[in-house]
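Me: I'm new to this and I'd like to know where the labels come from. Can we go through them one by one?

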Amino acid sequence: MTSDGRVAWITGAASGLGKAAAMLLALNDVHVAALDTDEAELEKLQKTWSGNGTLLTLVADVGDEAQMRRAAHAIDKHFGRLDIVFANAGINGVWGPIDELTAEAWDRTLGINLRGTFLTVKFALGLLKRRGGSIVITSSVNGTRMFANTGATAYACSKAGQVTLAKMLALELARHRIRVNVICPGAIDTAIDTSTDERDLDRIREPVEFPEGEIPLTDGNPGSAEQVARLVRFLTSEDASHITGTEIYIDGGQSLLHG
């Protein structure tokens with residue numbers, strides 16, 4: 001199948017921010033290649049799919065080089081083009097004291113969050129270079145403007161690395177008309193907390209209390225996946241055609257309060 005419309009590759013697309021972005025982009029005539037490790041959730045997405053853009057589902061681990069190479073090949077074969085990459089897949093991983101954090105836990109978090117972003121971009125480039133496009137990377141307020149989540153060391157380091165990766169690539173890829181930006185969400189109402197393994201945090205965290213909530217703009221209420229999806233839609237549109245190498249915080253002021 002060769003598409004006349006734009007094509008987006010979204011990782012972590014079966015739920016949360018990835019799913020919201022996939023559904024919103026489809027309503028705007030964008031075809032979507034949705035990649036996730038959760039085959040059952042991808043099947044649910046397929047059954048409930050709506051909008052003007054078509055859907056291709058891909059089951060793969062973003063940290064696995066061979067699987068990501070095959071995924072890029074499948075997108076090329078199915079759509080024949082790629083215009084948008086939303087490198088969104090990630091986990092919270094193990095949060096705990098540094099002396100209790102295992103090398104295996106560190107490697108898993110960095111392997112999915114940072115290596116996975118690297119592999120997504122690496123294998124998307126052959127397609128993106130044909131006509132230019134836009135890459136958006138999901139980072140976080142943690143490790144970039146907020147350091148209050150003591151114990152989230154591996155996670156925060158992976159998120160800081162994603163911001164640096166985006167800035168490096170923005171310059172490298174500008175000659176190919178590829179824009180690279182990074183979003184830094186704060187507390188968003190998704191299921192990512194289920195991937196957090198918290199261990200003995202009370203031993204290392206400084207006691208801080210925000211009696212009126214931690215998110216000034218909303219009196220403590222988290223943002224929504226749909227709000228983040230609208231930011232992704234903007235950054236991948238012509239309205240953002242002169243924006244690259246930029247991190248954008250979408251947190252209702254949370255990181256300013258914590259930072």
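Me: What volume does the second largest pocket have?

Reply: About 230 Å³. Keep in mind that this is a predicted model, where local features need pLDDT of at least 70, side-chain atom pairs count only at pLDDT 80 or more, and totals for chains, interfaces and linings use all residues. Residues are numbered from 1 along each chain as its sequence is written, and side-chain values use heavy atoms, with hydrogens and water left out.

Me: What makes something a pocket, and how do you get a volume?

Reply: On a 1 Å grid over the protein atoms alone, a pocket is an open set of points where a 1.4 Å probe fits, with protein on both sides within 12 Å along at least five of seven lines. Points are joined across faces, edges and corners, and the volume is the space filled by probe spheres set on them.

Me: Which residues line the second largest pocket?

Reply: There are 13 of them, and the closest to the centre are Gly-132, Gly-133, Ser-134, Arg-179 and Glu-238. A lining residue has an atom within 4 Å of a point. By class, the lining has 1 nonpolar, 6 polar and 6 charged residues. Asp, Glu, Lys and Arg count as charged, so Arg-179 and Glu-238 get that label. Ala, Val, Leu, Ile, Met, Phe, Trp, Tyr, Cys and Pro are nonpolar, and the others, Gly among them, are polar.

Me: Why is Asn-92 called buried?

Reply: Buried means under 20% relative accessible area (1.4 Å probe, protein chains only), exposed means over 50%, and partly exposed is in between. Asn-92 has 4%, so buried it is. Asn-92 lies in the loop between strand S4 (84–87) and strand S5 (93–95); strands are DSSP runs (E, at least two residues), numbered from the N terminus.

Me: How many residues does the largest nonpolar core have?

Reply: It has 38, and Trp-9, Ile-75, Leu-82, Ile-135 and Val-180 have the most contacts inside it. Such a core is a set of buried Ala, Val, Leu, Ile, Met, Phe, Trp, Tyr and Cys residues joined through side-chain atoms within 4.5 Å. A second, separate core of 29 residues includes Ala-225.

Methods:
Helices (H or I, at least four residues) and strands (E, at least two) are DSSP runs, numbered from the N terminus.
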